[in-house]
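Thank you all for coming.

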Amino acid sequence: MPGMATKDGARGKAALEAHTGQIAWLRGTGPNPFDYTIWDSRTVELLTNVFGPDSAELRAYAEASGTPGRLPGVRGQAENMTLNIHGPWGILARLERAEGVLAHIVKRLG
């Protein structure tokens, strides 16, 4: 595993735990789509730094919460839109799936 996990597994675990802990705050903001987008970008950055850009962990996160572009029935430009909050690919559902994936990853780090 390249990145932080190889150099310092405890540091990578702590960073991912702290980041996962922000999910409750995001839910409390409504959740705000702009805050979610920043959180999502940071999640990708952390997973890439800890496990590498081609890691199974990053792919699992992308499958759980990353569907780029416009979803069926949603108006807006394909790569420049605000995400819905509800529905199977809304922010709340993405956060629920992301929380499960990240918890599993953190648990595996020991």
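Is His19 buried or exposed? With a relative accessibility of 4%, His19 counts as buried, where buried means under 20% relative accessible area, exposed over 50%, and partly exposed in between, using a 1.4 Å probe and protein chains only.

Before I go further, please keep in mind that this is a predicted model, in which local features need pLDDT of at least 70 and side-chain atom pairs count only at pLDDT 80 or more, while totals for chains, interfaces and linings use all residues. Residues are numbered from 1 along each chain as its sequence is written, and side-chain values use heavy atoms, with hydrogens and water left out.

His19 belongs to helix H2, residues 9-20; helices here are DSSP runs of H or I with at least four residues, strands are runs of E with at least two, and both are numbered from the N terminus. Through its side chain, His19 makes a polar contact with the side chain of Trp39 at 3.1 Å, a polar contact being a pair of N or O atoms within 3.5 Å, where within protein one must be able to donate a hydrogen and the other to accept it, and residues adjacent in sequence count only if both atoms are side-chain atoms. If we set aside residues up to four places away in sequence, His19 touches Trp39, Arg42, Thr43 and Leu46, contact meaning heavy atoms within 4.5 Å.

Now to the helix itself. The buried residues of H2 are Gly12, Lys13, Leu16, His19 and Thr20. Seen down the axis of H2, these fall within an arc of 130°, so they line one face of the helix, the arc being that of the directions from the helix axis to the C-beta atoms. On the face turned away from that buried side, H2 carries the exposed residues Ala10 and Arg11.

Trp39 also leads us to the largest nonpolar core, which has 20 residues, and Trp39 is listed with Leu16, Tyr36, Leu47, Tyr61 and Leu95 as having the most contacts inside it; such a core is a set of buried Ala, Val, Leu, Ile, Met, Phe, Trp, Tyr and Cys residues joined through side-chain atoms within 4.5 Å. Helix H6 gives the most to this core, with seven residues. Leaving aside neighbours within four places in sequence, Leu95 is in contact with Ile23, Leu26, Arg27, Pro31, Tyr36 and Trp39.

Finally, the whole chain: there are six helices and zero strands, and buried residues make up 35% of the 110 residues.
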